[in-house]
Amino acid sequence: MTSDEKFMELATNLARQGSGKVSPNPMVGAVVVKNGNIIGQGYHEQYGETHAEVNAIEDSYGQVIESTMYITLEPCNHYGNTPPCLERIVREQIKRVVVGSIDPDPRMRGKSVAYLRTSGIDVKTGTLKHQTDELIKFYAYWKQTKCPYVTVKLAVTRDGFIAQSDGTSKWISCQTSREEVHQMRGDFDAVLVGTNTVLADDPALTVRHVPGRNPNRVIIDRLAKISHQAKVFENNTNRIFYFSTVKRNDLSNWVTEIQLSKSKFSLETMLAILGERNQISLLIEGGGQLASSFLSQSLCNEAIIYRSQETFGQGIPFTDSLMNNNQYEIFHRAQSGADEKIIFRRKHV
């Protein structure tokens, strides 16, 4: 590993600390190096607050002149909640900038890199790009499509069932996998469930067992069958998006009710609405029917399957056949406690 890669890897690890806290902004990390020594580091810690580059500069206590800055993402060139980081980098007389990924925002796309070079700063791009691109996969997809990055999560028994015959599906996966899923929830803007899952399991969709923030909740309930007393409607200060064709008068005022006509009630429409509302990542925790709908309609970017050692003998089946085609490929395979974890990712996303 080269020194550039070593420092970029550190910046990448710093960036991950912003997971679940900075959306719809991307996770970004930055490291400042001078004479081979790290003199400052920082990451984007909270949406609306200072960006990684400024935090790293501030951490350097005025020593950044003639230094090298490593940034996981091209620095911003526009005003938002904070001033452009680009201007600060030039003003501080940083000598060299190493960038991981180019920002897919139409206002960027290499414009900051060009400006830095015009300002006399040596710029290198693409260092550990495969890692830095992974950091911004939610953000990049949302910027390009205006829709959230969709991940389906399913627990499947060894004999291929996702639920008992009555629809209940609790405790298929092991404790390690359940804790991992709770951690995963905190990384997503929102978690989506459908009518059948709520009626069968009454999930809360909160983060428990591990530290983390609760995601927003998205509920698809076409015919308004879910009781207003279901746990998914409980107020935990996060947003609740409720999609139905029926207007209801029994939901609390913290629930955002989105009524669609039967002709417009589709997964594509719902994803577009969520994207407009700055939900850039969506975890599908509904049952097999909902998962199959997202997969078969090519609306799923990723599917995470936890295959347990449990067996049901009979129940509601689910096979990997939807992923074992030309649209999806295995991205990662690992053990999660007693379970096998397989991540399928759609090709050419």
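The notes below cover a sheet, the helices beside it and one asparagine. Please keep in mind that this is a predicted model.

**The sheet**
- Five strands form an open sheet: its 5 strands follow the order S2-S1-S3-S4-S5, and the pairing is mixed.
- At the edges you will find S2 and S5, each of which pairs on one side only.
- From one strand to the next, the twist averages 15 degrees.
- The pairing of S1 with S2 is antiparallel and runs over 6 bridges.

**Helix H1**
- H1 spans residues 3–15, which makes 13 residues, and it reaches 18 Å from first C-alpha to last, close to the 18 Å expected at 1.5 Å a residue.
- Its buried residues are Asp4, Phe7, Met8, Ala11, Thr12, Leu14 and Ala15.
- Viewed down the helix axis, the buried residues of H1 fall within an arc of 160 degrees, so they line one face of the helix.
- Those buried residues pack against strands S1, S2, S3, S4 and S5, and also against helix H5 (129–135).

**Other helices on the sheet**
- Helix H2 (residues 52–59) lies across S1, S2 and S3, and runs at about 140 degrees to S2.
- Helix H4 (residues 111–118) packs on the sheet as well, where it touches S4 and S5 and makes about 150 degrees with the direction of S5.

**Asparagine 301**
- You can find asparagine 301 in the loop between helix H10 (288–296) and strand S13 (302–307).
- Asparagine 301 is buried, as its relative accessible area is 0%.
- Its side chain reaches the backbone nitrogen of valine 150 at 2.8 Å.

Technical notes:
Residues are numbered from 1 along each chain as its sequence is written. This is a predicted model: local features need pLDDT of at least 70, side-chain atom pairs count only at pLDDT 80 or more; totals for chains, interfaces and linings use all residues. Side-chain values use heavy atoms; hydrogens and water are left out. Helices (H or I, at least four residues) and strands (E, at least two) are DSSP runs, numbered from the N terminus. Buried means under 20% relative accessible area, exposed over 50%, partly exposed in between (1.4 Å probe, protein chains only). A polar contact is a pair of N or O atoms within 3.5 Å; within protein, one must be able to donate a hydrogen and the other to accept it, and residues adjacent in sequence count only if both atoms are side-chain atoms. The expected span of a helix is 1.5 Å times one less than its number of residues. The arc is that of the directions from the helix axis to the C-beta atoms. Contact means heavy atoms within 4.5 Å. Two strands pair if DSSP finds at least two bridges between them. Axes are lines fitted to C-alpha atoms, for helices over the stretch in contact, and angles run from 0 to 180 degrees between N-to-C directions.
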